[in-house]
Amino acid sequence: MKEKLVLIGNGMAGMRTIEELLKLDDEMYDITVFGTEPYGNYNRILLSPVLAGEKTIDDIMLNDEQWYIDNNVTLHKNKTIVNVDRKKQRVIADDGTEEPYDRLLLATGSNPFIIPVPGHDLPGVISFRDIHDVDLMLEAAEKYKHAVVIGGGLLGLEAANGLMLQGMNVTVVHLGDVLMERQMDAVAGGMLKQSLEERGLNFLMNTSTEAIIGDDRVKAVRFKDGSEIVTDLVVMAVGIRPNIELAEKIGLHCERGVVVNDTLQTFDPKIYAVGECVQHRGEAYGLVAPLFEQAKVCANHLAKMGIGLYTGSVTSTKLKVTGIDLFSAGDFIGDETTEEIVMQDAKRGIYKKIVLKDDKILGAVMYGDTVDGAWYFQLMRDGTDTSDIREGLMLGQAHLGDSGHGGHNAAAAMSDDMEVCGCNGVTKGCITKAIAEKGLFTLDDVRAHTKASASCGSCTGLVEQVIASTLGGDYSVSEHEKPLCKCTDMTHEDVQKAFKAQHLTSALSAMKALDWRTDDGCHVCRPALNYYAIVAFPGEALDDPRSRFINERAHANIQKDGTYSVVPRMWGGVTNPSELRAIAEIAEKYEVPTVKVTGGQRIDLLGVKKDDLPKMWKDLNDAGMVSGHAYGKSLRTVKTCVGKEWCRFGTQDSTAMGIKLEQRTWGSWMPHKYKIAVSGCPRNCAEATIKDFGVVAVDSGWELHVGGNGGIKVRVTDLLCKVTSEEEVIEYCQAFTQLYREEAYYLDRTAPWIERVGLSYVKEKIVDNAELRKELSDRFVESQKHFQTDPWAERATGGVETNEFIPLKKI
Amino acid sequence: MANWIEIGTVEDIPKLGSRVVQGPDGDIAIFRNSKDEIFALKDACPHKQGPLSQGIVHDKTVTCPLHNWKIELDTGVVKAPDEGCAGRYDIKVEADKIFLSI
């Protein structure tokens, strides 16, 4: 006999919980859903576009009635639960339907707040909450001319905009002097008001409603100052209140909302609650993202897995009101203890304000250009010390020259055919269409369905903006608070700590010890776990080839046609005639179709068949060459200029230094690819200032630079320090490299790692603390003892993994 | 009538790994998962013909090495939200020997 689960409230939060539950276990419960509205579950966020005539009700259905049938969920639509007998565990609907439950889920949502002024119950006075309200508004727009919207918040402005687009003359009445004052400061609110006025909306600010006048229908609204305005329709949009009527009636503990704990349980342990009706740690949420986070945790407990706690959400608001990009998060007003950075360009319609306290972001409000909203939000959530990046903070994350999305930074200004994601050719129209048709809510959903921002990721901010401007409300979770992958709830940081604390020495044992949800992990977590194991316990950890991406398993770069490329190491970019002759002969022998000089000063042999790899490697080994690791999350190359040996400007022997560094660091595995360069003078011909570790020789010694990269987003290095001796260059290089290897998350290059922890932190460990620097450097040297073996030789002649390259059989 | 061809033993294929059988109509990827189940798929992802034999195997799935499409090992069907199907072949194990039918 299956247990019975009853859901009261057929809305987004409740149904999301059911969907999450079915994903975890679709056998556990008989599920029954009661909904007051006569529909399936629809996307309430998209009511505004329905009102504006851009979408139909069918467009915004999330679970139509067929869905309930297909998933064996019983739906009682048009039925309101009026009582719950908690002793007998039964719910009772207004039409007398009764249903027993073993567990009950409350998701009664919220009610619009109606100001109790005289006349508030006249026909023609409505709220903006459900499909019924939208129908009433559309009906009114056909028959009547004038509308008044009371409330200049998000919902009110969206309603006003919709009614205006339906041809009505709309006046927005607002109690305060700033529109959307919970999301905007006075300047941004003023810009918004001006822009909306230009589009045809009228505003009455600082205006308090006294009465609604009319006999059988609303005729006018009278204000406290005695003035009146004629109208045929009044929309009350002054806020929402958690709907706790039923919960209070059945004696559940309620304050502003139904009080729940971190597992979304009410004070009756058989009754759970999610969504806008709940109050969790004193907060009630009205945005979709926190509701979905609650749904996930609640489903987990309903499925009796008993892991996962909901600890509250930090929300940001990133809204679209009639094609205007807005973003706000945190405390964007500030007080006498805070500082602010402000940028305003009235002509371009751009305003940004960041509020800081002790160099940490407390809040931000942006208008017009919100592409960096997600970045500020992340810095805010992480509590990142921004003193190192203060100069560039206002200019945004991309100010150093971003590529990939055509320089667009305002989604609202883009037309549907403009490309958002340059890697995968995804237009704005593709994204908005997928969101509407497939019912997508999050960046992950959009990535999975459209591939937008799924490759290089440089357009992530823009994609988030498009999601926000389509859905009207959005949130972002900072990267490292996210679970490592779908197989676990642990973050990269949790996992790194667990490896050390529990002495985990392989990816497979880690998955067991850390209660992975899947038997074998996935292509995301296995390589990460394998890396964390070998970096924590070099020599001891089991390096699992099956947990490595093919490039690192085959020690060659897979190409789009399934062939491979071979890049022999060329120490410091220096070669000689005999090496070149050998490469030429090998290229001919194996009929290599393309020979190319790489950006890292070596030679790439492209188009090699997999079974030729070991033979080619043997020939290269015989000519004295080893693997260049051009395929791995590892030390790639050390690029050099010719230095003082030849160059008339050279101040030090940069080539020799480069070779020394490469000999020390080759073979080391990293969180991501890692490049070094050494320039012989500040002219910097080796481009050392866009490398992970860059050395620039000056007359008095060596400058050490860190955290640079070319590529998707060019980032110039930060100066770490200046040293005078060669030994110091080597020790600092090894120490920095080891700190990065131990602390960065897998697949973070040095740039995002340094941006996360701050340059000051790195300096503290590497420059200021000689003891720690030596320890790090020593640990690197120790680790290298285990990894400086040529993987090509091991496979070509050493008998390692030979099966990898041989077909099982020919038939 | 299925024509079973012996192609090797279970031990020839690494756990959570794959080996290639060169067939008359192109390569066939033979997979072994952590439960020692054996599967055979056409060694070409329906997306851009990536060699599935080079992907990471987890549970009953292989992730294509080129663009991370996920393909079900027992059916060849691509996991949502991507769509498509890599051809599958009948395969059986008898006394540790693997037989393929093409």
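In the predicted model, strand β39 (residues 809–810) of chain A and β2(B) are joined by 2 bridges. The two strands run parallel. Within this pairing, A:K810 stands opposite B:Q22 of β2(B).

Contacts link 28 residues of chain B with 21 residues of chain A. On the side of chain B that touches chain A, the elements giving two or more residues are β1 (4–9), β2 (17–23) and β5 (56–58) of chain B. The most comes from β2(B), which gives 6 residues. By residue class, this side of chain B divides into 13 nonpolar, 10 polar and 5 charged residues.

The nonpolar cores were examined next. The largest nonpolar core holds 70 residues. Those touching the most other members are A:L7, A:L106, A:V258, A:A273, A:V274, A:I431 and A:V463. Helix α8 (residues 288–302) of chain A supplies the largest share of this core, with 8 residues. The core lies between domain 1 (3–110 + 242–302) and domain 3 (316–400 + 408–479) of chain A, because both domains give residues to it.

The surroundings of A:V463 can be listed in detail. With neighbours within four places in sequence left aside, A:V463 is in contact with A:V420, A:C421, A:I431, A:L443, A:V446, A:A452 and A:S453. Of these contacts, A:I431 is also among the core residues that touch the most other members.

Another core, of 64 residues, lies apart from the largest one. Its members include A:L46, A:L154, A:L192 and A:M380.

Definitions and conventions
Residues are numbered from 1 along each chain as its sequence is written. Chains are lettered from A and ligands numbered from 1 in the order in which they are written. This is a predicted model: local features need pLDDT of at least 70, side-chain atom pairs count only at pLDDT 80 or more; totals for chains, interfaces and linings use all residues. Two residues are in contact if their C-beta atoms, placed from the backbone, lie within 7 Å. Helices (H or I, at least four residues) and strands (E, at least two) are DSSP runs, numbered from the N terminus. Ala, Val, Leu, Ile, Met, Phe, Trp, Tyr, Cys and Pro count as nonpolar, Asp, Glu, Lys and Arg as charged, and the others, Gly among them, as polar. Two strands pair if DSSP finds at least two bridges between them. A nonpolar core is a set of buried Ala, Val, Leu, Ile, Met, Phe, Trp, Tyr and Cys residues joined through C-beta atoms within 7 Å. A residue is buried if 20 or more other C-beta atoms lie within 10 Å of its own, exposed if 12 or fewer, and partly exposed in between; C-beta atoms are placed from the backbone. Domain bounds come from an automatic or database domain assignment.
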